Amino acid sequence: MSEAQVILGRTFGFDMQSTLLMLFDTYGLKLEVIFTLLQFCVQQSNASTAYIAKLGKIWAEREINTLEQADIFIADTLNADRIFNELKSLTGISTPRPTRVQTDYISSWSKLGFDAEMMALAFEE
């Protein structure tokens, strides 16, 4: 708990403690993966208890339980965010961040070789 407080840069109460225990006990995430998840949330400027719980559930469902898998997920998410920002400028999308579903689509299309311009054309259609 104290290491998590250092990562998050704040002390926290029972809600966050329960969430961290859930990630470990219920979802079965390893400690180093939980710490990586917390660091990613801080990097994304969204370290709320609800977001940490939501992202932890996603990682558990996708069986992300090694640092390598976590790094791949983070890299894919950051790439999707970069492409989304390009799409915003090309299409006029006004939302500040992509949803999880949009991120998944952008990641899968990117892996198929589609760039932001091609995705913008598909969006226009």
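How many positive and negative side chains does the chain have, and how far apart do the centres of the two sets lie? In this predicted model, where local features need pLDDT of at least 70, side-chain atom pairs count only at pLDDT 80 or more, and totals for chains, interfaces and linings use all residues, there are 10 positive and 16 negative side chains, with their centres 4 Å apart. Lys and Arg count as positive and Asp and Glu as negative, leaving out His and the chain ends, and each charge is placed at NZ of Lys, CZ of Arg, CG of Asp or CD of Glu. Residues are numbered from 1 along each chain as its sequence is written, and side-chain values use heavy atoms, without hydrogens and water.

The chain contains seven helices and zero strands, these elements being DSSP runs (H or I of at least four residues for helices, E of at least two for strands) numbered from the N terminus. The C-alpha atoms fill a box of roughly 50 × 25 × 20 Å along the principal axes. Of the 125 residues, 36% are buried, a term that denotes under 20% relative accessible area, with exposed meaning over 50% and partly exposed in between (1.4 Å probe, protein chains only).

In helix H7 (residues 116-124), Ala 116, Met 119 and Ala 120 are buried; because they cover an arc of only 105° around the axis, they lie on the same side of H7, the arc being that of the directions from the helix axis to the C-beta atoms. The buried residues of H7 pack against helix H5 (67-91) and helix H6 (100-111), contact meaning heavy atoms within 4.5 Å, whereas the face turned away from the buried side carries the exposed residues Glu 117, Leu 121 and Ala 122.
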